[in-house]
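This briefing is meant for a reader who is meeting the structure for the first time. Please look over the sequence and the model before turning to the points that follow.

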Amino acid sequence: MADGESCGKNESVDYHDWIKISPHCHTRVYSRCASITQWNLVRAVSQAGMDGLILTEHHNRWPDSKITEMRDHCIDSGYCRENFLIIPGQEIEARDPENKLNYGHVLVIGADKSLIEMNVNDLCGLAEKEGWALVAAHPGQVSGLSRFWEYPIHGFELLHRNQDNHYVRRLAEDHCSNLAKLGSDDIHHLGHEGHYCTLFPKGTKTEQDIIQAIKDRMTEPYKFKR
Ligand SMILES: [Zn+2]
Ligand SMILES: [Zn+2]
């Protein structure tokens, strides 16, 4: 049974039809601002009742071979069960169109290599060409991409462990009815897990499934009972 509640527009969510993913996670391996190890990350997210996570290190995309090694070790060590999902993504800084010193963080899912910071219009163009999904990270923080709904991105973090979620909800009501809504803990340290996550359709297994769900707006932000 559910141990929390969906917080999106859909008020009658059947929890049996969804899985819980922590879609915004850092580790000390590739993010200097994070202290959590990859092992503790998997263990903590799994123990908090989630079915998987997306690795979104700053400008670093985990190599597939390292993800496979990590998953195998985590399963062997009992940190997670066998079908726990570990999906590669990354968080990048997008500059505004005038290239002023005004950055916004964006989650990118689908790129097969690490990306450098880039102009938001260039990022959106590349995403369109390459089939990536783009999610505006923590738009309720100063480091969020301002007026993100004016760009062809696919989703945004309606719920985030460390932003003014009421402010973002008001933004969403005014501008974002056609974007996928996500919830995240933006995990950097042990203990950050278990506040918010995102529901994805049951049967979601691969990076491509995650991209498709975000593009189809088939996600629901979720708040854990604490
Ligand atoms: Zn960020
Ligand atoms: Zn982050």
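Which residue in β12 is the bridge partner of Glu5? In this model, which is predicted rather than determined by experiment, the bridge partner of Glu5 in β12 is Lys223. The points below begin with the sheet around that pair and then turn to other strands, a helix, the nonpolar core and a loop residue.

**The six-stranded sheet**
- Six strands form an open sheet with mixed pairing, and their order is β1-β12-β11-β2-β3-β4.
- The edges of this sheet are β1, residues 4–6, and β4, residues 85–88, each of which pairs on one side only.
- The pairing of β1 with β12, the strand of residues 220–224, is antiparallel and extends over three bridges.

**Strand β5 and its partners**
- Strand β5, residues 90–95, pairs with strand β6, residues 103–109, in the antiparallel sense over six bridges, and within this pairing Glu93 has His105 of β6 as its bridge partner.
- Strand β5 is also joined by two bridges to β7, residues 118–119, and here the strands run parallel, with Arg95 standing opposite Asn119 of β7.

**Helix α4**
- In helix α4, which spans residues 165–175, the residues Asn165, Val168 and Ala172 are buried.
- Because these buried residues fall within an arc of 60 degrees when seen down the axis of α4, they line one face of the helix.
- An α-helix has 3.6 residues a turn, so residues three or four places apart point the same way.
- The exposed residues on the other side of α4 are His166, Tyr167, Arg170, Glu173 and Asp174.

**The largest nonpolar core**
- The largest nonpolar core contains 58 residues, of which Leu53, Val106, Leu134 and Val135 touch the most other members.
- When neighbours within four places in sequence are left aside, the contacts of Val106 are Ile92, Ala94, Leu123, Leu134, Val135, Ala136, Ala137 and Leu145.

**A loop residue, Gln141**
- Gln141 is found in the loop that lies between β8 (133–136) and β9.
- Gln141 counts as partly exposed because it has 16 C-beta neighbours inside 10 Å.
- From C-alpha to C-alpha, Gln141 and Asp96 are 16 Å apart in space, while 45 residues separate them in sequence.

Note on methods: Residues are numbered from 1 along each chain as its sequence is written. Chains are lettered from A and ligands numbered from 1 in the order in which they are written. This is a predicted model: local features need pLDDT of at least 70, side-chain atom pairs count only at pLDDT 80 or more; totals for chains, interfaces and linings use all residues. A residue is buried if 20 or more other C-beta atoms lie within 10 Å of its own, exposed if 12 or fewer, and partly exposed in between; C-beta atoms are placed from the backbone. Helices (H or I, at least four residues) and strands (E, at least two) are DSSP runs, numbered from the N terminus. The arc is that of the directions from the helix axis to the C-beta atoms. A nonpolar core is a set of buried Ala, Val, Leu, Ile, Met, Phe, Trp, Tyr and Cys residues joined through C-beta atoms within 7 Å. Two residues are in contact if their C-beta atoms, placed from the backbone, lie within 7 Å. Two strands pair if DSSP finds at least two bridges between them.
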